[in-house]
Amino acid sequence: MSISHAPPSSSEPDISGMSSSTSAPASTSGVVAADAAEQASPDLQPLVPASSRRTRVPRWLRRAAGPLVLLVLWQILSGTGVLTSDVLASPSRIAQVGRDLVADGSLPSAMGTSLQRVAVGLLLGTLVGTGLALVSGLFRIGEDLVDAPVQMLRTVPFVGLIPLFIIWFGIGEAPKVAIITLGVTFPLYLNVYAGIRGVDAQLIEAGESLGLSRWGLVRHVVLPGALPGALTGLRYSLGIAWLALVFAEQVNADSGIGFLMVQARDFLRTDVIVVCLIVYAFLGLLADFVVRSLERLLLQWRPTFTGR
């Protein structure tokens with residue numbers, strides 16, 4: 001009886017297939033094992049990025065961080081003797097002197113006098129600068145007659161005109177107000193003039209097609225289009241007004257913040273000088289805040305980029 005060798009059954013393992021599976025890279029099996037381990041254990045899941053969990057710092061705190069750091073550094077340098085009182089008084093000393101000046105009424109009185117001078121000079125400068133800009137911007141003959149002289153006067157430093165103002169107006173309030181008026185006039189003139197000439201010509205054509213008269217175009221198209229430039233010029237003018245006030249009140253003045261600074265300079269009181277400078281800065285910041293509030297109120301129709 002002959003025994004025949006039967007072929008291997010299909011249930012037997014295929015050696016060639018086993019050899020191919022065992023030749024797979026070890027790294028693949030490691031990744032599969034890691035994935036299985038992550039699915040099996042939730043603790044091994046990747047953590048949430050720290051940036052998404054970080055609490056957002058308020059903007060006012062970020063803006064106040066820089067000045068506070070400088071103030072602390074200033075106090076440390078003064079306390080260690082690096083900054084002596086005859087060079088620059090310490091913040092604590094300045095705060096004490098400021099309280100004393102407020103208590104005896106000298107600082108409020110000086111602030112009232114300075115604010116009155118700035119208000120009168122700003123009003124006159126606004127009227128003169130805006131009026132000249134309207135004449136020069138709306139009429140070609142007005143530009144020919146007005147623009148060249150204004151540009152010539154603009155290049156003359158207004159501080160250099162103080163001796164002439166003293167000769168012309170004396171040593172009272174008039175030269176001080178004239179200096180502030182002159183400093184306010186030119187920034188307003190330039191910005192209002194540029195705003196008028198920068199109005200889109202297509203808006204003028206649209207107004208004419210709607211039947212607006214010349215003065216109707218000026219009222220409803222030109223002046224609203226020039227308003228952003230006018231408010232920008234007003235912000236510049238306010239800054240120059242306080243600068244002009246510093247010079248005006250140090251020339252033959254017997255009241256005002258500048259007068260306090262002159263007295264403090266004569267007695268080497270750096271603390272009083274710094275208090276006056278802080279008051280100047282505060283009043284300038286307050287005036288700028290008022291103009292920016294006017295911008296938000298009057299320019300609601302204009303979308304602007306506020307930063308990211």
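Is leucine 268 buried or exposed? Leucine 268 is exposed, since its relative accessible area is 71%, and exposed here stands for values over 50%. The model under discussion is a predicted one. The protein has 308 residues, of which 30% count as buried, and its secondary structure consists of 13 helices and 0 strands. The points below move from the overall fold to the core, the helix pairs and a few individual residues.

**Overall architecture**

- Read from the N terminus, the elements follow the order α-α-α-α-α-α-α-α-α-α-α-α-α.

**The largest nonpolar core**

- The largest nonpolar core holds 53 residues, and the members that touch the most others are Ile179, Ile180, Trp242 and Ile257.
- Two or more residues of this core come from each of α5 (91-103), α6 (106-138), α7 (140-154), α8 (162-169), α9 (173-197), α11 (214-248), α12 and α13.
- With 13 residues, α11 gives the most to this core.
- Isoleucine 180 is in contact with Arg117, Val118, Gly121, Leu122, Ala241, Ala244 and Leu245, when neighbours within four places in sequence are left aside.

**The pair α8 and α9**

- The axes of α8 and α9 come within 9 Å of each other and cross at roughly 135°.
- An angle over 145 degrees would count as roughly antiparallel, and one from 65 to 115 as roughly perpendicular; α8 and α9 are therefore oblique to each other.
- The crossing of these two helices, α8 and α9, is right-handed.
- On the α8 side the contact is made by Ile162, Phe165, Ile166 and Phe169, and on the α9 side by Ala174, Pro175, Ala178, Ile179 and Leu182.
- Ile179, listed in this contact, is also one of the residues that touch the most other members of the largest nonpolar core.

**The pair α6 and α13**

- The axes of α6 and α13 come within 12 Å and cross at roughly 45°.
- The helices α6 and α13 are therefore oblique to each other, as angles under 35 degrees would be needed for a roughly parallel pair.
- The crossing of α6 and α13 is right-handed.
- Leu107, Met111 and Leu115 of α6 meet Val275, Val279 and Leu283 of α13.
- An α-helix has 3.6 residues a turn, so residues three or four places apart point the same way.

- The buried residues of α12 are Ile257, Gly258, Leu260, Met261, Val262 and Ala264.
- These buried residues of α12 pack against α6 and α13.
- Ile257, buried in α12, is also among the residues with the most contacts to other members of the largest nonpolar core.
- Leucine 268 lies in the loop that links α12 (257-266) to α13 (270-298).
- Although leucine 268 is not a glycine, it has a positive phi of about 55°, and this residue comes just after α12.

- Threonine 185 is located in helix α9 and is buried, because its relative accessible area is 6% and buried means under 20%.
- Apart from neighbours within four places in sequence, threonine 185 is in contact with Gly125, Val128 and Gly129.
- Threonine 232 belongs to helix α11 and is partly exposed, with a relative accessible area of 32%.
- Residues up to four places away in sequence not counted, threonine 232 touches Asn191 and Glu295.
- The C-alpha atoms of threonine 232 and proline 187 are separated by 9.0 Å, while the two residues are 45 apart along the chain.

**Glutamate 205**

- Glutamate 205 sits in helix α10 (residues 201-209).
- With 53% relative accessibility, glutamate 205 counts as exposed.
- The C-alpha atoms of glutamate 205 and leucine 217 are separated by 9.6 Å, and these residues are 12 apart along the chain.

How values were computed. Residues are numbered from 1 along each chain as its sequence is written. This is a predicted model: local features need pLDDT of at least 70, side-chain atom pairs count only at pLDDT 80 or more; totals for chains, interfaces and linings use all residues. Side-chain values use heavy atoms; hydrogens and water are left out. Helices (H or I, at least four residues) and strands (E, at least two) are DSSP runs, numbered from the N terminus. Buried means under 20% relative accessible area, exposed over 50%, partly exposed in between (1.4 Å probe, protein chains only). A nonpolar core is a set of buried Ala, Val, Leu, Ile, Met, Phe, Trp, Tyr and Cys residues joined through side-chain atoms within 4.5 Å. Contact means heavy atoms within 4.5 Å. Axes are lines fitted to C-alpha atoms, for helices over the stretch in contact, and angles run from 0 to 180 degrees between N-to-C directions. A crossing is left-handed if the near helix is turned anticlockwise from the far one by less than a right angle, and right-handed if clockwise.
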